[in-house]
Amino acid sequence: MSSQKKQLIRILSAAVFLIAGFIVKQFSVNIAFILFLISLLLGGADVLINAVRNIFKGQVFDENFLMSIAAVGAFIIGECPEGATVMLFYQVGELFQDYAVDKSRKSVAELMDIRPDYANVKHGDEITQEDPYDVQVGDLIVIKPGERVPLDAVIVNGSTTLDTSSLTGESLPREAKEGDEILSGSINLSGLIEASVTKEFEQSTVSKILDLVENAADNKATSESFITKFARYYTPAVVGAALLLAFIPPIFTGFSDLSKWVYRALAFLVTSCPCALVISVPLSFFGGIGAASKNGVLIKGSNHLEDLAKARTVVFDKTGTLTKGVFKVSRIVPNNCHESELLETAAYAESNSNHPISVSVTKAYGKEIDKARITDCEEKAGHGVTVKLDGKPCAAGNRKLMHSLGIKADENVSGTAVHVSRDGQYLGYILIEDEIKSDAKTAIEMLKALGIKKTVMLTGDSKTIAGKVAKQVGIDEFHAELLPADKVEKTEALIKAQKKNEKLVFVGDGINDAPVLALSDIGIAMGGVGSDAAIEASDIVIMTDEPSKLGTAMRISAKTLRIVRQNISFALFVKFAVLLLVAFGIVHMWAAVFADVGVSVIAILNALRVLGYKE
């Protein structure tokens, strides 16, 4: 059984005994006292124990101590229901806070496992599976299609296509041939290759990513809760004031009315109990977390919700964050032919390839491929595809392929393009782009309207593509062709450039983003397309993959903080007003009850308003 379930059972049990005590009190005060005491112990035994433990540790004045002395004090002056209710209210607030945080957060170490389980090491004609830690520099490893590259190496035999998106964020698979360096953590998509290991596992790219996440997480400061800070000064002050109230006035009356002043002092302590703050502040944040969840944003703790209001710099990854991470034909540029002829030729040429670009071309064609029309299909790694279509030679690929065939291709093309030829004639090119998310531009506009000073994009893609995306969505500055370590370096520089109390937000989706997500003040991951590593390293997860939801989360953060400030101001005003009235004997225990329970209820109702937030 989880700790939350156990706590809930205790709270419900304490509530049952509390209600029973109210009922039985009409018939038997002694039995009612026992029921109230059981309720107090069920609801607050851990608080009482923690208060005693902390006293022996020298940490006397904390919220546990004040809650304990207020509850016990209420019993001493005969207000047993009040003492039990005070503790019950406190535990409800604690349950809400624990549930909000623990439900959404899991260990990064459990799910972030991009380490390869084995390496296929070749010894002569024999291949054995070995632990990557045991493989030495210079060893020959074999990587089959679909396997993850276990160590940094150089290809010595074969060619393939590599998915490096987990490392660089680059959406375009990379062609690799003999002599090319391959990075651990990337995935072999097509051909069988043999490679010579260049780095031991501890120095490999995948190992460095894991280290970056751990170190970045260590560098994140943990903000101290408001209640703990408040209790550090408030608790000794009210306890001291209560002691003075109990024993100083009787000195001048010969202690003849000592019991009266002790009663006032205990009522003073009951009044001073910060239930309204202890409950309503975390409950306000819990309400904000709930409102965000309803709007598709999972926030893993109240501190992250609070920090959002202080954000002044937002850094984005590109692929899968501002763009969909899916290739799409964006433009068809024919040369002395019709668009339909260009697209048909390209689709037939690419039809036998499972390369993402090939798939996007055949998808754009949208018609059934007659395989009988195609012969002599040959895929040239790093160049493209050649076939015979209706007996005529055709080619689809990059400029290098066109040049190798003696065909002059258009040189003024920016971005990823598939050049096409048929029977020795250049037919034009098809531009392939990673489609920008429909709300990406709106997201940037929202952020600037909400007070964000700077928006930045960090990506592993080329400068040309990155610049185009940045311009289209309205990003202030961008840095392209970055590895994970480069992203960390750029982010650290941006954090240092901020003013005091300003926060930096990073939004990403890939494994390569995990170190920066952990390093940034607030890490936000795309939950739909994001990797497990990114989601677990983040503080906030956008479940709908819409970047504009960041603006929604910031608005909820602002509303939540307004409610928190209202509750704090209201609770402190009423508390101090009633404390003075109790001290002078103008009001009695009923006012103390209102200042505690009544203010708590009002503050809780106010806190729940944030749950009604609608975009």
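Reader: Is D376 buried or exposed in this model?
Author: The model is predicted. The cut-off for exposed is over 50% relative accessible area. D376 comes out at 53%, so D376 counts as exposed.

Reader: Which residue does D376 meet in a salt bridge?
Author: D376 belongs to strand 13 (residues 374-380) and its partner to strand 14 (residues 384-389), so the pair ties together parts that are 12 residues apart in sequence. The N to O distance is 3.8 Å, and the partner is K388.

Reader: How far apart in sequence are the parts that E435 and K324 tie together?
Author: E435 and K324 form a salt bridge whose closest N and O atoms are 3.4 Å apart. E435 is partly exposed at a relative accessible area of 28%, and K324 is partly exposed at 39%. E435 sits in strand 17 (residues 425-436) and K324 in strand 12 (residues 323-334), so the parts they tie together are separated in sequence by 111 residues.

Reader: What is the N to O distance in the salt bridge of K380 and E378?
Author: K380 has a relative accessible area of 29% and is partly exposed. E378, at 42%, also counts as partly exposed. Their side chains meet at an N to O distance of 3.5 Å.

Reader: How many salt bridges does the structure hold?
Author: Salt bridges also link E344, R373, D390 and R422 in a network. For the structure, the number of salt bridges is 19.

Technical notes: Residues numbered from 1 in each chain as written. Predicted model: local features only at pLDDT ≥ 70, side-chain atom pairs only at ≥ 80, totals over all residues. Heavy atoms only, no water. Salt bridge = Lys/Arg side-chain N within 4 Å of Asp/Glu carboxyl O. Helix = DSSP H or I, 4+ residues; strand = E, 2+ residues; numbered from the N terminus. Buried < 20%, exposed > 50% of the residue type's maximum accessible area, 1.4 Å probe, protein only.
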